[in-house]
Amino acid sequence: MRPARVILNAKSSLINTPAWVALQEHYNKTKKVHMLDLFEEDPQRFENFSIEFKSMLLDYSKNRVTKKTMKLLFDLAKQANVEEWRDRMFAGEKINTTEGRAVLHTALRNRSDKPIFVDDENVMPKVNAELEKARIFSEKVRSGQWIGYAGLPITDVVNIGIGGSDLGPNMVCRALSPYKHNNIRVHFVSNVDGSHIEQMLGKLRPETTLFIVASKTFTTQETITNANTAKNWFMSGTGRVTEDDISKHFVAVSTNAKKVAEFGIDPENMFEFWDWVGGRYSLWSTVGLASIIYVGMANFKKMLEGAHEMDAHFQEAPLEENIPVILAMLGVWYGNFYGAESSAVLPYDHYLRLLPAYLEQADMESNGKSVDREGLQTTYTTGKVIWGAEGINGQHAFYQLLHQGTRLIPTDFIASVQSHNEHEHHSDILASNFLAQTEALMRGRNIDETREQLKNSGVELHKAENRLPHMIFEGNQPSNSIVIKKLTPRALGRLIAMYEHKIFVQGIVWNLNSYDQWGVELGKNLAKNILEELDSGDDIHSHDSSTKGLLNWYRKYKKPS
């Protein structure tokens, strides 16, 4: 008989704390307030609920909050010791308690070069040495000095990785493509589905392609499988290629020099990062090598500088004026008190089209937890579902649900004022939609306004009366507007770091360890077992009837007919 499933009887007491109880009472009194009324009551609402930092503006006035709401939310942040935990993170303390690691992606962009210690060692010399190594290598590739086996310069760079070793650098390359090298293209392979790498390799020439294999352990199944496929393609591409030529076309971002050498990569061409850099926070390290080659080290460093500026703001600004803290606490307000299950990220900038996918991993892998730092079961919801797409395309896809659906979905609207293209009318159309959507979500449209609109458009009201209920918008849908002057490397750095710190603050408030990801391990282990069975053709492991039936069905149709 199967042992009973262990249930954590001990529960977190967060919901019984004074700050939480005060917020619950406040929510009960204000939950039906409409934002239109808040704007009418406070003509200075935009000024009172917006913050400008460098060339970035956060307008959070279109939220269901008052000054009292924000005070109570900041009280909750103070109760959770957000400031103390923040200082501990920046000081290199091992706040990732389940893995006994520091959390220092911030050290990777520490442009002040202020010493940062882990186990009594200043990590900055190593950080700067790896950046310099990446600079030298990238400039050789960009200048054409790095020559492949056929004596030709590199024209295509393929990043082979998954998760943080793919999403981060891919997003950065797309966001900063106006700064790209004119003669080098970048490609990203992550999916172990053979169709992904097959389509990619079909576009490339072995003699002008450089592969970056990004894997901390150099054992990640998906990454190493794709790397071996790329290696086989390279070796069979021409009869002239030898094992010695691999080092001219393959480099690694890893910590496992032994495995890298066994693959055939010269350890001198291995770029290092450290266990205090989490995968989903690693784009600032040499994991961003593809980005460095694509946009150049000078622009990459500007991105680091922008992130460092946001780090300083996060460390120094009072909670009440702290952009990541404000965003984090608004997310807590909607998730824990209004019951919002998801949040949308909607960039009105084509170059930021991969940002929602990047933030999906950054947020959900960090705070998708149901056990707190003390090992107690949470009695409150934690990380929300993060999703999104380019805003202008979303308007013709899922905005119907945002406007008239039954779910509360707080949204972040992101826009750039200055475009990288010369089509001013396009930019004005984009901006008008960005502004209109946040206003429409907040205002809505009542029945009298709808009748008036129909009347003004020449419609006979008695013929349109049955349409009226379908044309009414309740409004009162919350949103943040995040506006940047122009999407530059520095601005991108600030934007990404802002979201990283937002995630951190929410994790602290919910008493979570945001820097482990044990939830992905079970699936990996079971996949390994099933792969053994597919390779051997034998039933080695026990499965439930559904999994066994699916496995047998797969075997049946896998055989050639």
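**Helices and the spaces beside them**

Guide: The axes of helix α7 (residues 164-175) and helix α15 (residues 355-367) cross at roughly 145 degrees and come within 9 Å. An axis here is a line fitted to C-alpha atoms, for helices over the stretch in contact, and angles run from 0 to 180 degrees between N-to-C directions. The helices (H or I, at least four residues) and strands (E, at least two) are DSSP runs numbered from the N terminus. In passing α15, α7 makes a left-handed crossing. On the α7 side the contact uses G164, L167, G168 and M171, and on the α15 side L355, A357, Y358 and Q361. Sorted by class, the residues of this contact are five nonpolar, three polar and no charged. Contact means heavy atoms within 4.5 Å. Ala, Val, Leu, Ile, Met, Phe, Trp, Tyr, Cys and Pro count as nonpolar, Asp, Glu, Lys and Arg as charged, and the others, Gly among them, as polar. A crossing is left-handed if the near helix is turned anticlockwise from the far one by less than a right angle, and right-handed if clockwise.

The model is predicted, so local features need pLDDT of at least 70 and side-chain atom pairs count only at pLDDT 80 or more, while totals for chains, interfaces and linings use all residues. Residues are numbered from 1 along each chain as its sequence is written, and side-chain values use heavy atoms, with hydrogens and water left out.

Another pair is α22 (residues 521-536) with α23 (residues 545-558), whose axes come within 11 Å and cross at roughly 35 degrees. This crossing of α22 past α23 is right-handed. I530, E533 and L534 of α22 meet T547, L551, Y554 and R555 of α23. Four nonpolar, one polar and two charged residues make up this contact.

Now the spaces. Rolling a probe the size of a water molecule over the atoms shows where empty space is left. The search uses a 1 Å grid over the protein atoms alone: a cavity is a set of points where a 1.4 Å probe fits but cannot get out, a pocket is an open set with protein on both sides within 12 Å along at least five of seven lines, and lining residues have an atom within 4 Å of a point. Grid points are joined across faces, edges and corners, and a volume is the space filled by probe spheres set on the points.

The largest pocket has a volume of about 1,200 Å³. Its lining has 42 residues, and those nearest its centre are T220, Q517, V520, E521 and K524. Two or more lining residues come from each of α7, α9, α15 and α22. Of these, α22 gives the most, with six residues. By class, the lining of the largest pocket has 14 nonpolar, 17 polar and eleven charged residues.

Helix α9 (residues 221-236) also holds F234. F234 is buried, as its relative accessible area is 0% (buried means under 20%, exposed over 50%, partly exposed in between, with a 1.4 Å probe and protein chains only). Apart from neighbours within four places in sequence, F234 is in contact with Y149, P206, V241, D245, I246, H249 and F250.

The second largest pocket holds about 680 Å³ of space. It is lined by 34 residues, with Y348, S416, S427, L430 and A431 closest to its centre. Among the elements that give two or more residues to this lining are β10 (342-348), β12 (411-418), α18 (424-443) and β13 (479-486). The largest share, ten residues, is from α18.

The largest cavity has a volume of about 150 Å³. Its lining has 17 residues, and S343, P410, D412, N480 and K502 are the closest to its centre. Elements giving two or more residues to this lining are α14 (323-337), β10, β12 and β13. Here α14 gives the most, with four residues.

The second largest cavity has a volume of about 60 Å³. W85, I95, R373, F504, G507, I508, L512, N513, S514 and Y515 line this second cavity. Helix α21 (residues 489-509) gives the most to that lining, with three residues.
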